[in-house]
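This report describes a predicted protein model for a reader who is new to structural analysis. Please look at the sequence and the structure before reading on.

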Amino acid sequence: EIQQEHFIPVSKGGEYTCNNIIPACKTCNSSKKDSDFFEWYPKQECYSKKREKKILKHLNYLGKEIQQLALTLK
């Protein structure tokens with residue numbers, strides 16, 4: 001069963017946007033909870049650097065300081 005996983009947890013300021021959501025199995029989603037992706041993911045049995053790069057590319061991830069798009073109202 002695939003679920004929505006927030007790359008940056010909502011509890012830590014992550015948004016509910018396509019740039020912050022990745023598909024994850026129920027086990028991984030439950031395991032990650034509100035953990036930092038870069039601390040949690042390398043410890044997983046399914047980890048591979050190639051898969052990590054695909055996830056980051058899917059999210060248009062540019063770095064720890066710049067991840068989500070901000071909307072400015074004028």
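## Overall architecture

The protein has 3 helices and 2 strands, where helices (H or I, at least four residues) and strands (E, at least two) are DSSP runs numbered from the N terminus. Read from the N terminus on, the order of the elements is β-β-α-α-α. Of the 74 residues in the protein, 30% are buried; buried means under 20% relative accessible area, exposed means over 50%, and partly exposed lies in between (1.4 Å probe, protein chains only).

The accessible surface of the protein amounts to about 5,800 Å², and 56% of it belongs to carbon and sulfur atoms. Such areas come from the Shrake-Rupley method with a 1.4 Å probe, and for residues only the protein chains shown count as cover. A contact means heavy atoms within 4.5 Å. Among contacts between residues at least 6 apart in sequence, 48% join residues at least 24 apart.

## Basis and confidence of the model

Residues are numbered from 1 along each chain as its sequence is written. This is a predicted model in which local features need pLDDT of at least 70, side-chain atom pairs count only at pLDDT 80 or more, and totals for chains, interfaces and linings use all residues, while side-chain values use heavy atoms, with hydrogens and water left out.

The pLDDT is the predictor's confidence in each residue, from 0 to 100. The protein averages a pLDDT of 86, and 85% of the residues score at least 70. Over residues 69-73, however, pLDDT stays under 50, and the model has 2 contacts beyond four places in sequence for these residues.

## The nonpolar core

A nonpolar core is a set of buried Ala, Val, Leu, Ile, Met, Phe, Trp, Tyr and Cys residues joined through side-chain atoms within 4.5 Å. The largest one comprises 11 residues: Phe7, Ile22, Ala24, Cys28, Phe37, Trp40, Tyr41, Ile55, Leu56, Leu59 and Tyr61. At least two residues of this core come from each of strand 2 (21-25), helix 2 (37-40) and helix 3 (49-58).

## Aromatic pairs

The structure holds 8 aromatic pairs. Rings of Phe, Tyr and Trp (its six-membered ring) pair if their centres lie within 6.5 Å; planes under 30 degrees apart count as stacked, over 60 as edge-to-face and the rest as tilted. The pair of Phe37 and Phe38 is edge-to-face because the ring centres are 5.3 Å apart and the planes stand at 85°. Phe37 counts as buried at 3% relative accessibility, whereas Phe38, at 25%, counts as partly exposed. Ring pairs also link Phe7, Phe37, Phe38, Trp40, Tyr41, Tyr47 and Tyr61 into a cluster.

## Salt bridges

Side chains of opposite charge can pair when their charged atoms come close. The structure holds 2 salt bridges, each defined by a side-chain nitrogen of Lys or Arg within 4 Å of a carboxyl oxygen of Asp or Glu. One joins Glu5 and Lys32 (3.0 Å, N to O). This pair links distant parts of the chain, with Glu5 in strand 1 (residues 2-6) and Lys32 in helix 1 (residues 26-32), 27 residues apart. Both Glu5 and Lys32 are buried.

The side chains of Lys49 and Glu52 form a salt bridge as well (3.3 Å, N to O). Both residues lie in helix 3, 3 residues apart, which is about one turn of the helix. Lys49 has 47% relative accessibility and therefore counts as partly exposed, while Glu52, at 6%, counts as buried.
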